[in-house]
Amino acid sequence: MSGYGNYLNLIALSLFSYHVTGSAVGVGAVMALRLFSGVLAGLGSAALAARTTRLRIMVGADIGQGLAMTVLAVFADRTPVWLLGCAVVVTGAGNVCFTVALRSAVPAMVGPEARTRANGLLVTGRSIATVLGFASAAPVIAFGGYGAAFAVNAASFAVCAVALLALRPRTDTEDPGPEERGQEEGAGRAGRRRVWRGAAGLPGLLLGMILLRGADAFASSSHNVALPVVAHAAEPSGPALFMTRFWVAWAIGTIAAHFVLKRAAKGSEWGERAFAWGTLAMSVLFVAAFTGLPVAGLMAVAACAGFADGWTEIVYTSRLQAAPDRQRSRLFGMSATAETAGFAVGTVLAAAALEVLPAPTVVGVFHGAAVCAALLLLAFAATAARSPSPIRRSEGDTHGTGPGTGTPAGA
């Protein structure tokens with residue numbers, strides 16, 4: 001329900017921003033402000049998680065966003081620009097904080113063995129919420145105006161907060177004792193001597209996954225910006241129907257990915273290679289979707305792209321969740337920063353590129369960058385697999401010999 005409110009609000013807030021600012025530049029500034037607040041929230045989410053529980057972060061994020069939407073609903077007819085700016089800062093930061101806390105809390109909620117199934121359910125719910133939110137935005141706004149759309153979003157945050165407070169799921173594992181903490185610190189000092197160590201104290205492969213995720217977000221911005229343009233060109237009388245067909249087929253594909261991974265052997269252990277191949281396939285399929293296919297072909301390609309999208313989302317999230325509890329918030333904070341920054345930069349560049357280049361070219365160039373990044377990660381993973389460190393051998397690890405055999409998420 002919270003996801004539904006978010007996707008409904010995504011359209012409502014964009015249209016409302018134009019209504020308040022009166023210009024496309026104003027809409028871009030509001031979007032940039034929202035994304036920038038999300039980047040800052042991603043950078044600070046790990047520090048916040050160290051000072052409180054993830055449950056409190058999620059409830060606080062829901063309450064903050066709900067209040068912001070309530071204010072916009074009340075003042076929808078006379079909202080000043082500064083109030084709109086404050087609301088988008090709260091919602092941008094709150095959404096990132098909630099997402100980071102939820103993703104890092106999943107192993108504590110359901111147990112490490114069930115995290116892939118739980119991630120699949122979350123992806124399925126997000127896919128359904130995307131379609132319903134986009135499809136109902138126009139009727140809700142037409143019936144009750146922007147105030148009604150903001151009120152529905154505020155109510156969705158309230159439902160989520162009440163559910164969390166009623167269920168009180170376990171979101172944090174026990175803090176390690178002095179002996180365990182000493183072992184972790186010793187492993188950390190040894191780990192820093194490893195060859196395949198990345199920046200920020202992370203293993204190189206794990207850092208590579210996060211960077212590829214950012215490149216994927218950068219590439220995805222292009223088809224999100226270009227799709228309305230293509231919809232109006234392909235079906236001038238019904239662009240909304242064109243977009244609805246596309247996103248419904250995409251959602252069906254993401255749901256299928258959940259069912260396939262749930263039944264796959266060792267589904268919770270897929271790692272860097274599976275993520276890189278999924279990203280590569282997704283980019284190629286999104287490029288194919290902009291080649292002027294007939295309706296049936298477009299829906300088939302969109303469904304396959306959705307499958308690859310769902311696959312990468314589940315595999316990537318499950319891989320980062322394999323990290324120790326005290327590291328997960330930091331990892332997902334870095335990931336949220338990379339994704340938000342990549343999407344923000346990509347949106348600006350894609351919009352500018354579409355002024356002078358056709359949509360298929362723009363989408364092809366942007367997703368071509370993601371394909372190159374995926375190939376680099378695959379090459380890096382192959383090189384790392386041929387050069388296992390003595391420390392890993394002493395731990396009995398078989399890095400590079402099977403699905404999901406990536407570098408552990410740090411020490």
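**Getting to know this predicted model**

Q: Is Arg-168 buried or exposed?
A: The relative accessibility of Arg-168 is 55%. Buried means under 20% relative accessible area, exposed means over 50%, and partly exposed lies in between (1.4 Å probe, protein chains only). Arg-168 therefore counts as exposed.

Q: What kind of model is this?
A: Residues are numbered from 1 along each chain as its sequence is written, and side-chain values use heavy atoms, with hydrogens and water left out. Local features need pLDDT of at least 70, side-chain atom pairs count only at pLDDT 80 or more, and totals for chains, interfaces and linings use all residues, as this is a model that is predicted.

Q: What value is phi of Arg-168 near?
A: Arg-168 sits in the loop between helix 5 and helix 6; helices (H or I, at least four residues) and strands (E, at least two) are DSSP runs, numbered from the N terminus. Most residues other than glycine have a negative phi. Arg-168 has a positive phi, near 45°.

Q: Which residue meets Asp-172 in a salt bridge?
A: A salt bridge is a side-chain nitrogen of Lys or Arg within 4 Å of a carboxyl oxygen of Asp or Glu. The partner of Asp-172 has its side chain 3.6 Å away, N to O, and is Arg-54.

Q: How many residues apart in sequence are the parts that Asp-172 and Arg-54 tie together?
A: Asp-172 is partly exposed at 24%, whereas Arg-54 is buried at 3%. Asp-172 lies in the loop between helix 5 (115-167) and helix 6 (178-191) and Arg-54 in helix 3 (residues 54-74), so the parts that they tie together are apart in sequence by 118 residues.

Q: Which helix holds Glu-313, a salt-bridge partner of Arg-103?
A: The side chains of Arg-103 and Glu-313 meet at 2.8 Å, N to O. The two residues are 210 residues apart, with Arg-103 in helix 4 (residues 81-110) and Glu-313 in helix 10.

Q: Is Glu-339 buried or exposed?
A: Glu-339 also forms a salt bridge with Arg-103, at 3.5 Å, N to O. This pair links helix 11 (residues 325-353), where Glu-339 lies, with helix 4, across 236 residues. At 17% relative accessibility, Glu-339 counts as buried.

Q: Which residues are joined with Arg-103 into one network of salt bridges?
A: The structure holds nine salt bridges. Those that share partners join Arg-103 with Arg-126, Arg-213, Asp-216, Glu-313 and Glu-339.

Q: At what angle do helix 7 and helix 10 pack?
A: Axes are lines fitted to C-alpha atoms, for helices over the stretch in contact, and angles run from 0 to 180 degrees between N-to-C directions. The axes of helix 7 (residues 204-234) and helix 10 (residues 295-321) are 11 Å apart, and the angle is about 145°.

Q: Which residues of helix 10 meet helix 7?
A: Contact means heavy atoms within 4.5 Å. Helix 7 brings Leu-206, Met-209, Ile-210 and Arg-213, and they meet Thr-312, Glu-313, Tyr-316, Arg-319 and Leu-320.

Q: How many disulfides does the structure hold?
A: A disulfide is a pair of cysteine sulfur atoms within 2.5 Å. Cys-86 is partly exposed at 41%, while Cys-97 is buried at 15%. The number of disulfides is zero.
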